[in-house]
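Work through the exercises below with the model open. Each task is followed by a stepwise solution.

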Amino acid sequence: MDFKLNKKEELFLQMIRDFAENEVKPLAAEVDEEERFPIETVEKMAKIGIMGIPIPIEYGGQGGTNQMYSMAVEELSRACATTGVVVSAHTSLCVAPIFENGTEQQKQKYLPKLCSGEWIGAFGLTEPNAGTDAAMQQTTAIDEGDKWIINGSKIFITNAGYAHVYIVIAMTDKSQGTKGISAFIVEKDTPGFTIGKKEKKLGIRGSATCELIFENCEIPKDNLLGKVGKGFGIAMKTLDGGRIGIAAQALGIAQGAMDETIKYTKERKQFNKSISKFQNTQFQLADMETKVQASRLLVRSAAYKKDNGMPYSTDAAMAKLFAAETAMEVTTKAVQFHGGYGYTREYPIERMMRDAKITEIYEGTSEVQRMVIAASILK
Amino acid sequence: MKIIVCIKQVPDTTEVRLDPVTGTLIRDGVPSIINPDDKGGLELALSLKDLYGAHVTVITMGPTQADAVLREAYAMGADRAILLTDRKFAGADTLATSNALAGALKMLEYDLIITGRQAIDGDTAQVGPQIAEHLDLPQVSYLENLEYDGNKTFRIRKATEEGYQILEVDSPCLVTVLASANKARYMSVRGIIEAYDKDVEVWGFDNISVDESKLGLKGSPTKVKKAFTKGVKSNGEVFEVDTEEAVGIIISRLKEKFII
C-alpha cells in the first residue's frame with residue numbers, strides 16, 4: 001500500500017495549486033458578493049484542460065484520473081467553492097454519465113466540446129416533489145416515434161443557464177416505478193426548454209442554480225441516454241461518482257478554512273500572546289486538522305477505487321458524509337477563532353462557513369449517505 | 001526555427017538560508033522550482049512556437065533531481081529536454097557552468113538561445129553572456145520584449161537602469177530574459193500526464209567536447225572564502241521633522257560614521 005502521490009500527481013498538484021492561488025482566489029469574494037458566475041475562470045480552466053480531466057484523449061479529454069480530478073476540485077474549492085462546484089457538476093454529473101452510458105455517436109458528438117470547456121454541462125434530477133425521494137419523478141418523456149416529448153420541471157440545477165448540455169431524468173412509464181425512468185440529453189435552445197428562476201442562496205453564490213422548464217420540449221430520438229427504463233440506475237450511478245467531487249469540494253473548503261485559521265491564530269494577539277499559544281486553540285486545531293486529513297484519505301481512497309474499477313459507491317458516500325460534516329464543523333470553529341472579524345466580510349472565513357453547508361445537502365444529503373452506507377453493511 | 005532554452009532548478013525562496021559551517025545553501029524543506037527568469041525565457045520560446053512554429057529544446061545542468069524542471073518544461077509545451085549531469089561538472093562557478101553548457105549547445109542546432117537574466121540563488125547574471133562569448137554569438141541581455149520579423153531578425157526591447165533600448169539582432173543569437181517580460185503559462189493537464197512518458201536525454205562529460213580542466217571545481221576560478229547569513233538590520237530611527245532639519249540630521253550621522 002502506497003499513500004504517496006506519484007510524480008504526475010505531484011506535478012499536477014503543483015500546477016492546480018498555483019492556478020487556484022493566482023487565478024481563482026483573487027475572485028472568490030467578488031463572485032460571492034455579486035452572485036456572479038465566474039465565466040472568465042471557466043475559460044482559463046478550459047484552456048489548460050481542467051474541464052475534462054478523467055476522460056480519455058480519444059474523446060477530447062485529458063486522459064487523467066479521478067484522483068487528479070478530485071485533487072483539482074479540492075484545490076479550486078480551497079480558494080473558491082463556487083469554482084469547485086462548477087467543475088464538479090460539469091465533470092461528474094454531465095461528462096461522466098455521457099462517457100459511461102452514451103452511444104459512440106453521443107460520445108463523439110458531446111464529449112470533445114464538453115471536455116475542451118467550449119460547452120458546460122449540467123444534470124437535472126431534482127424536482128419540487130422529488131428530492132431525497134428521487135423516484136417520485138413527475139417530469140415525463142413520451143415516445144412519439146421519431147422523437148421524445150418532455151414535459152415538467154427541475155429545480156436547483158447547478159450550472160443552469162450557462163450549460164449547453166443537460167442530462168435530464170424523466171418518467172417514461174409511470175406504471176413501472178423506478179424501472180419506468182429514463183435519462184436524456186437535452187441541448188440548450190431546444191424549443192420548449194427554458195431556464196426558470198435563479199435561486200438566491202446562502203453559499204456558493206457565484207454558482208448558477210436555476211429551474212429547468214420543459215413545455216412540449218421535442219428532442220431527437222437519438223438523445224436517449226442509455227436504455228429506456230434505465231434512467232434511475234444511471235442517475236444513482238452518476239451521483240455515486242458526483243459524491244467524490246462534492247467530498248473533494250467539502251475537503252477543499254475545510255482546508256481553506258484551516259489555512260486561514262492557522263495564519264490568524266498565529267497573528268492575533270490577546271492577553272499579550274498569540275492565541276495559537278493557548279492550549280484550547282491548539283487542541284481544537286489538532287482535532288480540526290485530523291478530521292481534514294481523514295477526509296482527504298477517504299476522498300483519495302474512493303477516487304482510487306473508481307480509477308481501478310473497484311466498487312466505490314459506499315466509499316464515495318463515506319467520503320462525502322465525513323468531508324461535508326468536517327467542512328461544516330471546521331468552518332464553524334474557524335469563524336469562532338476569528339471572533340467578530342470572522343463574522344464580517346472583511347475576512348473570507350464567513351463565506352467558507354456559508355459555502356460548507358451545501359455539501360451536507362446536495363448530491364445526496366448526509367442522511368442519504370448514511371442510508372447508502374447502512375444498506376451496504378446490513379445487506 | 002530552432003530554439004534552445006537554458007533553465008536552472010533553484011530553491012523556491014527569496015530568503016535563502018546558508019549553513020553557517022559549510023557556507024552552502026540549506027535546501028531541506030525548500031521546494032525546487034524553475035528559476036523565474038528562466039521560466040520567462042521558456043514562455044518566450046513557447047509563445048514564438050505558438051506564433052511562428054518552432055522546435056523548443058530545454059537544457060539544464062544540475063544534479064539528477066533537476067529532471068523535475070525538465071518535466072515541468074515538457075508539461076508547458078517544450079519538445080525536447082536534456083539533462084546535463086556529471087560528477088565532473090560538480091562545484092562549478094559561472095565560468096565552468098557556461099563552459100559545460102556551451103559545450104552541450106555546440107552539439108545542437110539553434111537559431112535562438114534563450115537564458116534567464118539571472119538565477120535567484122546566485123544573482124550573478126553571468127552564465128547567459130558567458131555562453132554567448134564561448135559560442136561567439138551576438139547577445140542581448142535584460143530582454144523585456146521581443147518582436148520577430150518571421151525570417152531572421154529580432155527587434156528587442158532591452159531594459160536598462162535608466163529606461164530601455166530597442167535593438168535589432170539577427171539569428172543565431174543569444175538573449176537573456178527577465179521574468180517580467182511575460183506571464184508564464186500554466187502547465188496543461190495533458191502536458192503533465194504526458195511529461196513523464198517522454199524521454200529526458202541525460203548527457204554527461206562524454207557527450208560534450210570540453211577540456212576537463214575547464215569544468216566543475218577545477219575549472220572554477222571563483223572560490224567561496226566565506227558565506228554567512230546577513231544579520232537583521234535594526235529598525236533605524238524615525239525623525240518627523242521638516243526637510244531642512246532632516247538633511248542636517250542625515251549629514252551629521254553620515255559624518256559620525258565617517259561615510260562622508
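**Exercise 1. Which residue of chain B forms a salt bridge with A:Glu23?**

Step 1. The partner is B:Lys183, with the closest N and O atoms 2.7 Å apart. A salt bridge here is a side-chain nitrogen of Lys or Arg within 4 Å of a carboxyl oxygen of Asp or Glu.

Step 2. Two salt bridges are counted between chain B and chain A.

Step 3. Keep the source in mind: this is a predicted model, where local features need pLDDT of at least 70, side-chain atom pairs count only at pLDDT 80 or more, and totals for chains, interfaces and linings use all residues. Residues are numbered from 1 along each chain as its sequence is written, chains are lettered from A in the order in which they are written, and side-chain values use heavy atoms, without hydrogens and water.

**Exercise 2. At what angle do helix α1 (residues 7-33) and helix α3 (residues 66-79) of chain A pack?**

Step 1. The angle is about 30°, and the axes are 8 Å apart. Axes are lines fitted to C-alpha atoms, for helices over the stretch in contact; angles run from 0 to 180 degrees between N-to-C directions. Helices are DSSP runs (H or I, at least four residues), numbered from the N terminus.

Step 2. That angle makes α1(A) roughly parallel to α3(A). The classes are: under 35 degrees roughly parallel, over 145 roughly antiparallel, 65 to 115 roughly perpendicular, the rest oblique.

Step 3. Residues of α1(A) in this contact include A:Phe12, A:Ile16 and A:Phe19; those of α3(A) include A:Met68 and A:Met71.

Step 4. By class, the contact of α1(A) with α3(A) has 12 nonpolar, one polar and six charged residues. Ala, Val, Leu, Ile, Met, Phe, Trp, Tyr, Cys and Pro count as nonpolar, Asp, Glu, Lys and Arg as charged, and the others, Gly among them, as polar.

**Exercise 3. Classify the packing of α6 (residues 231-267) and α9 (residues 349-358) of chain A.**

Step 1. Their axes come within 10 Å and cross at roughly 160°.

Step 2. α6(A) and α9(A) are therefore roughly antiparallel.

Conventions:
Helices (H or I, at least four residues) and strands (E, at least two) are DSSP runs, numbered from the N terminus. Contact means heavy atoms within 4.5 Å.
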